[in-house]
Amino acid sequence: MFVDEPFDRRGFLALLGLAAGTPRRSEALEFTDADELIAHNREDGVRLLSAKGEFIGARGAYYGPPVPFAQLPRHLINALVASEDRRFYEHWGLDPRSMARAVWSTLTGRTQGGSTLTQQAIKEIYLKEHSPIVRKLLEEPVLAPILELNLSKDDILLVYLNRVFFGGNAYGIEAAARVYFNKYARNLSVLESAMMVGLLPAPNRFNPHRNLEVSRDRGFRVIEQMVEANYLSRAAADRAKRQGVSIAPSRSAWGGVYPRGTQIGWFAHWAEKEANANSVATARQGTRTISTTLDLGIQASADRHLQQALRQHARPSHIAEGAVVVMRYDGAVVALVGGRDYKQKEWDHATQAKRQPGSVAKLFVYLAALQDGSTPDTRISDAALTLGGRPVRNFDDRYSGEISLAAALEKSSNTAAVRLAMQNTGKVRELIKTLNIGDVPAGEAGDLALGTYEAKLVDLTAAFASIANRGRMVIPYAVQRVQDSAGTETLTRVLPAPSEIRQVVAPQHADAMRQMLADVVRKGTGQAADPGFWAAGKTGTTTASRDAWFIGFTEHYVAGVWLGNSDNTPMLGVSGGGLPAQIWRAIMRDTSGSP
């Protein structure tokens, strides 16, 4: 039912100001539209969607999509009314007897329910931060009847069930059903609905992830209340108690909920940081929806192959961590795995950790040589070399004399790379700066050629993407657009046309580099990465196998793989041309059918 005259918000705000000492702007109050109430004054939180619009996770408050009243199971409604407000269909927003008990318990320092569902809906939306005494004595008695005048009973239940906190970061029945049972709210059984309602008085204590038996017993109590209220027969109640319950694995980690697996947490966190960096603080209030570039299939593949390799080789090879980044040619990151277990360690080895790139850094050395006029056929000495009184050693301790640049890169010759870096030190440093690898290394030619400075996996992968992209600059990104809780876009990514992207490497030099990197995979140190179709890339291994890399690209994707230990201890017998290349190959084979 709706009142004929508009609600006098200014007059009512004066009353609220006297009652609570916290006057609100008049436009902040909404009583006539259930959908508006559901979306109003939400706790701050972020919902993240994949590139195809699939829900992948939430940080902060997790609100599921609102469930229309017609799709809410009748037994869920009955369980709620029987347990929380048995006279709901009879009162006008207030139940004087229950209110008296609740106020008395508050005054005497005890905890006692008594608020109607209408009052609870009002509290959830507008009065959560207010003093309990002021709220129960002055605010709810005024607001609850007004809400009853403006909304039907069904609408009030709709608002309540789509807003109330169920624990586990979940707000609203849809979020709770997914968190605890991995199903849609419309499919909840009688027992599952009773357990959901049983959470409401103490979401943490009755959380089925913490204690399933306590949660189930609480659900049994709600079923008994349904019998007392004549919503269930004794026979139906007994059948409900015998229903099986399958609790979904906990998908919560570090303040977030990730229904498709907590390993997505690294990507979600990185995407949220990107969204924050490109929006004003006021645009971060309420529940935002971030549409990202993530491809769930490629993400699952990257995580699966990395975890399989770590399970098999972690102990014998002393490998604790690994990371993977996969992106498109334009920098759209479609998969990101920042480590072994996001639940155990939020630290992201893909976007936060700075590690020595080893021979992966030869990309910049050979590019500088091409810019200086060399070609893949230009000859360079691979002979033994001493630099600063210390010998420069090739990985295999083999030295071939004069060889072509292409052959030197294929075998990842250290002596040839150092000689090239000595000829073009300034150009190498400039390339590292131009391609956004990080701080320009302060070391000499040997440091530049052998990659003894530090860089991030995501930045190195983007540098290879710039070569794949025929020399056009690539900036990795995860966010496509951001919407506020009302669905208004507050941030939209507009990609420049290819002709507008900054050319950082001449196309002919990028093409020559592409061909040399393809030879590395076809017949050089990267042969273990060969996926069976065209691919290009570079291996990298640092001193004592502290870091092992493979970074490269196919016709559609660019990917980087890193293995190592967070404490920088050496691995045993791990090189970039071995396990990282094998992981890379497996992931690229999985992407071959999804351009």
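How many bridges join strand 1 to strand 2? The model is a predicted one, in which local features need pLDDT of at least 70 and side-chain atom pairs count only at pLDDT 80 or more, whereas totals for chains, interfaces and linings use all residues. Residues are numbered from 1 along each chain as its sequence is written, and side-chain values use heavy atoms, with hydrogens and water left out.

Strand 1 (residues 45-49) and strand 2 (residues 55-60) run antiparallel and are joined by 5 bridges. Helices (H or I, at least four residues) and strands (E, at least two) are DSSP runs numbered from the N terminus, and two strands pair if DSSP finds at least two bridges between them. Within this pair, V46 stands opposite R59 of strand 2.

Both strands belong to an open sheet of 7 strands, ordered 5-6-2-1-7-14-15, with mixed pairing. Its edge strands, each pairing on one side only, are strand 5 (252-253) and strand 15 (489-492). Helix 12 (residues 265-277) packs on the sheet and touches strands 1, 2, 7 (287-292), 14 (479-483) and 15; contact means heavy atoms within 4.5 Å.

Elsewhere, E454 lies in the loop between helix 18 (445-450) and helix 19 (457-468). Leaving aside residues up to four places away in sequence, E454 touches K354, R355 and Q356. From Q308, E454 is 146 residues apart in sequence and 27 Å apart in space, C-alpha to C-alpha.

Confidence is expressed as pLDDT, the predictor's confidence in each residue, from 0 to 100. The chain has a mean pLDDT of 90, and 91% of its residues reach 70 or more. Over residues 1-28, however, pLDDT stays under 50.

How values were computed. Axes are lines fitted to C-alpha atoms, for helices over the stretch in contact, and angles run from 0 to 180 degrees between N-to-C directions.
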